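Please keep the sequence and the structure in view while reading the numbered points.

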Amino acid sequence: MFNRKGDSGVKPSEDSARSRPEVFPSSVSAGNGERAVIGKSIIIKGEVSGQEDLVVEGTIEGQIVLENQHVTVGPSGRVLAEVKARLVTIEGEVVGNIQAREKVIITAKGSLTGDIQAARLKIEDGAYLKGTVSLTPREKEKTIPLPRHHQQDKSIDPEEAAG
């Protein structure tokens, strides 16, 4: 296969094959189709922000601010950071608080040490969670309180409201 004419005789190494990003079913982009992958050997210290979904297979220390995006911490990923995102999936390890506008998913091999604030939470059997959970409904799901009608309120005519 590598002995064709014009071939330089250089075979791809196992390391180069291993350095290609793996695709995980849960890391499929839900938005604009754009996503960034932090490879296994990459270490980032500081703030990560942007407009793409993010798959972390390496290490991030600091803060992840992708409020409208999906953040996936892959099986080899390690995040020592505060995370703000629309959706967070944890397949690896996270140490830090998470704020998710929609949902946090901790898979069977996922681990989270930190507090969660999200609209929904899914924890698979075998997952690890140490922290507090605060479930807050999304804005569009919040009920709108009906105004109380008082006899003194002249702005609402009870007969008009009834008929």
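This is a predicted model: local features need pLDDT of at least 70, side-chain atom pairs count only at pLDDT 80 or more; totals for chains, interfaces and linings use all residues.

1. Residues are numbered from 1 along each chain as its sequence is written, and side-chain values use heavy atoms, with hydrogens and water left out.

2. Two salt bridges are found in a search of the whole structure. The term denotes a side-chain nitrogen of Lys or Arg within 4 Å of a carboxyl oxygen of Asp or Glu. One joins E93 to R78, with 3.1 Å between the closest N and O atoms. Because E93 belongs to strand 6 (residues 93–95) and R78 to strand 5 (residues 78–90), this pair ties together parts that are 15 residues apart in sequence. Strands are DSSP runs (E, at least two residues), numbered from the N terminus. Both partners are partly exposed: E93 has a relative accessible area of 29%, and R78 has 36% relative accessibility. Here buried means under 20% relative accessible area, exposed means over 50%, and partly exposed lies in between (1.4 Å probe, protein chains only).

3. R86 and E102 form a salt bridge as well, their closest N and O atoms being 3.4 Å apart. R86 is part of strand 5 and E102 of strand 7 (residues 98–106), so parts 16 residues apart in sequence are tied together. Both R86 and E102 are buried.

4. The largest nonpolar core contains 23 residues, and those with the most contacts inside it include L54, V83 and V104. Such a core is a set of buried Ala, Val, Leu, Ile, Met, Phe, Trp, Tyr and Cys residues joined through side-chain atoms within 4.5 Å. Strand 5 supplies the largest share of this core, six residues. In soluble globular proteins, nonpolar side chains tend to be buried together.

5. Where does Q69 lie, and is Q69 buried or exposed? Q69 is in strand 4 and is buried, at 7% relative accessibility. Beyond residues up to four places away in sequence, Q69 touches several residues, among them D53 and R86; contact means heavy atoms within 4.5 Å.

6. L112, in strand 8 (residues 111–113), is buried at 0% relative accessibility. L112 and E93 are 19 residues apart in sequence, yet their C-alpha atoms are 6.1 Å apart in space.

How values were computed
Helices (H or I, at least four residues) and strands (E, at least two) are DSSP runs, numbered from the N terminus.
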